[in-house]
Amino acid sequence: MAPVPFQRRDAGAPSFEALVLPHLERLYRLAYRYTGTSADAEDLVQSLLVKLLPQQETLTRVELPAPWLARALHNLYVDQVRRRTTSAIDLAASQQDEEALELIVDDKLASPDEVAEKLSDRDWIAAALMRLTPEHRALIAWHDIEGYTLEELAGSRNIPLGTLKSRLHRARAHLRQLLMEPSGAALRVTG
Amino acid sequence: MNCQDFHQQLDDRLDGRLAPPAVAAMNRHAADCRDCAISLAHATALQRRLRELPAPALTPDFARRAFAAAHQAQQDTRRTARRNALRFALAASVAVLAIGIAFVPRQPSAINQKVAAAPTPSAQRVVQVSSGQVQPVRLRFNSPQALSNITMRVNLPAGVELQDYPGQRELSWQTDLQSGANVLELPLFVRGNGGVLTASLQLGDELKQFSVVLQTTPATGAFRMDPASRIAAARDAARIDMEDLNHA
């Protein structure tokens, strides 16, 4: 016999589903930007729901649930990425990233016409995003793709806004550098 | 403005953070600098393309599956926490089955002291509880030795529920006993007139059963007491020890 826990909820308080469901599609989309695959995006959102359900009362009191939930997803993703690595990921000090940029700079740059062609290719842009480090990709997804503000992200991890702006600047610079790669370089240079 | 200034301000321009005079200055520079003009065009186009990137739609049943899995995970977590809290022990004499058990009302000042007095008949198997509120009833079992894979079973009388297990009259689980005192805390919610709670320990074919009479007290006492003291008194009254008396 499986014990069923009490449901302790104030009468009239919205259910967890009622609080989260209106934002689920957008959370999934953000997760997809982060992870790059539907399966991983579903896993990330699933993990978020598991983490948030015990915090339902907190969520009930949140004034703007959309950015709050998105921030929770962002933090969860970053934490998961960091746990998978042996050391903390911080693109601001990523030697790997700097090396990748140097390799690109050393290459012959693509012509403006080649860049324009890449810009018209969604698959190429999506592939370039996946070549960014997870934190750079997450920042671009957060701000440039899904349109959340850096202010909405800054407070949750006590990161100064200026630091976030610097990281976003580096992320964008890296993505633009990837655009400048001549065709065929993508397989040789990894970020 | 030079090219370095131009690139330093490019992000702020893309984000709409640049004041009109600064935008105009960038435009003037781009008009005379083909490389910077191309950089601005590419950056603007990339930003627009990023916003247009498609994403797959949620699969139709994802929401149902995701919420169900979240509730299941929470339930599993609560059950694990509850069982960890219930890891205590049964005492004793399960192995020798000669063990007796005594219930002695515990005094507030002796909460952490072992109750050594022999039980008196009037004190045995009776604990005062208040109806309409959750209160812990702690059962302590002394085991002369560590025991593994004990099956613990608790049967509740009608009108008494274990917190987090509403409507469930019987619960059982596997546990280990350590040598010495093992405490089982049961957060009980008494709705009715109390009744007899039984706890049994089984080791292989050997079974030891204990029972406790849950005797309810009126919701409003005849004596006046401040709320905090009343809660403390109810808690102490509900705290009993089950002593393993080998000679009993």
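**Exercises on helix α4(A) and its surroundings**

Helix α4 of chain A (residues 65-84) has 20 residues and spans 28 Å from its first C-alpha to its last, close to the 28 Å expected at 1.5 Å a residue. The expected span is 1.5 Å times one less than the number of residues. Helices are DSSP runs of H or I, at least four residues, and strands are runs of E, at least two, numbered from the N terminus. The model is predicted: local features need pLDDT of at least 70, side-chain atom pairs count only at pLDDT 80 or more, and totals for chains, interfaces and linings use all residues. Residues are numbered from 1 along each chain as its sequence is written, and chains are lettered from A in the order in which they are written.

**Exercise 1.** Find which residues of α4(A) are buried, and how they are arranged.

*Solution.* 
- Step 1. Apply the cut-offs: buried takes 20 or more other C-beta atoms within 10 Å of a residue's own, exposed 12 or fewer, with C-beta atoms placed from the backbone.
- Step 2. A:Leu69, A:Ala70, A:Leu73, A:His74 and A:Tyr77 are buried.
- Step 3. The face turned away from the buried side carries exposed A:Asp79 and A:Arg83.

**Exercise 2.** Identify what A:Leu44 touches, leaving out residues up to four places away in sequence.

*Solution.* 
- Step 1. Contact means C-beta atoms, placed from the backbone, within 7 Å.
- Step 2. The partners are A:Ala31, A:Tyr34, A:Thr35, A:Leu73, A:Leu76 and A:Tyr77.
- Step 3. Turn to the cover: the buried residues of α4(A) are covered by elements including α1 and α2 (38-52) of chain A.

Conventions. Contact = placed C-beta atoms within 7 Å. Arc of directions from axis to C-beta.
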